[in-house]
Amino acid sequence: MFDRTRHLAQTRLVDPDTEWTRRRLQVLLGVAVVVVLGLVAGGVWSVVSMLTGTGASGDAGSEADLSAQDRLANEQLPEAPLEAAQPGSLSSGETGTIQIPPPMEVGEVGVATGFPQTPEGALAQLAAIDSTALSSASVRVAQDVITEWAAPGGPTAESWSGVQGLAALLESAGMSSDAQNTITIAVEPKMGFIKGTVGDDFVIPCIDFIITATTSAGQPQQVAAADCQRMVWQDDRWVVGEGEEPAPAPSLWPGSQASFDAGYQWLEVPQS
């Protein structure tokens, strides 16, 4: 027999008429998911957009008044149906590979860091931030992560899509805000692309994660979740930057033709 809680969470995820539609949530949200199933289908993120049904905020003035960073962040990306985030057919075609650097150390709240001041380094840092927050299965830990890894004026412990998505996921599954002992959330960054850069210290990377959620009484459930964030170089590391979270990237099952068509590439850490 199906576990009632797991069945309810899964139903909410696949029913487009419930709060677990793609636009309401990953990973990612970010990271997720997460980002997990419903959380991620919205994005770790890009979760705010998924949960609220809104995109990046671009109404505070004319396009000419916006900074280059804001114009890049507000640039809309293709949308995708919820079904495209679920496991499905894989393509026999090809796409590129992004080689991301390995971390050199562990920073605040256990987030891997030490990545170089490159677009690939920004992508790797975002993956580490999202993964740590979402895999914690704890709203408190996710709040600590964004508090330590966001620049002033960036997402907060209350506003960050990763926090909101994780809270929504745990709530829908009937769990507490600290569910580390009742659910396991695995967050795997599989594909990504660089939406754009402004100078050497501003990058918007987008990552497509696979989120796997397993309760103590259920089988693992998987979904894809995408997250884009403003990443800025601050002192000696990348952090989530000031401003509204970017327009969301589509959550697409990695390796599907749709993921290739959207411009996602495989993420790979070079072997030493």
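Which residue in β9 does G192 stand opposite? G192 stands opposite Q265. The model shown in these close-ups is predicted.

**View A. Strand β9 pairs with strand β4 in the antiparallel sense.** Strand β4 spans residues 183-197, and its pairing with β9 runs over two bridges. Centre the view on G192, with Q265 of β9 opposite.

**View B. Strand β9 pairs with strand β1 in the parallel sense.** Here β9 covers residues 265-268 and β1 covers residues 97-99. Three bridges connect the two strands.

**View C. A disulfide joins C206 and C228.** The two sulfur atoms lie 2.0 Å apart, within the 2.5 Å cut-off for a disulfide. The count for the model comes to one disulfide. The torsion about the S-S bond is about 110 degrees, so the disulfide of C206 and C228 is right-handed. This pair links distant parts of the chain, 22 residues apart. C206 belongs to strand β5 (residues 202-215), while C228 belongs to strand β6 (residues 221-228). Both C206 and C228 are buried.

View D. S161 has 0% relative accessibility, so it counts as buried; the cut-off is under 20%.

Technical notes:
Residues are numbered from 1 along each chain as its sequence is written. This is a predicted model: local features need pLDDT of at least 70, side-chain atom pairs count only at pLDDT 80 or more; totals for chains, interfaces and linings use all residues. Side-chain values use heavy atoms; hydrogens and water are left out. Helices (H or I, at least four residues) and strands (E, at least two) are DSSP runs, numbered from the N terminus. Buried means under 20% relative accessible area, exposed over 50%, partly exposed in between (1.4 Å probe, protein chains only). Two strands pair if DSSP finds at least two bridges between them.
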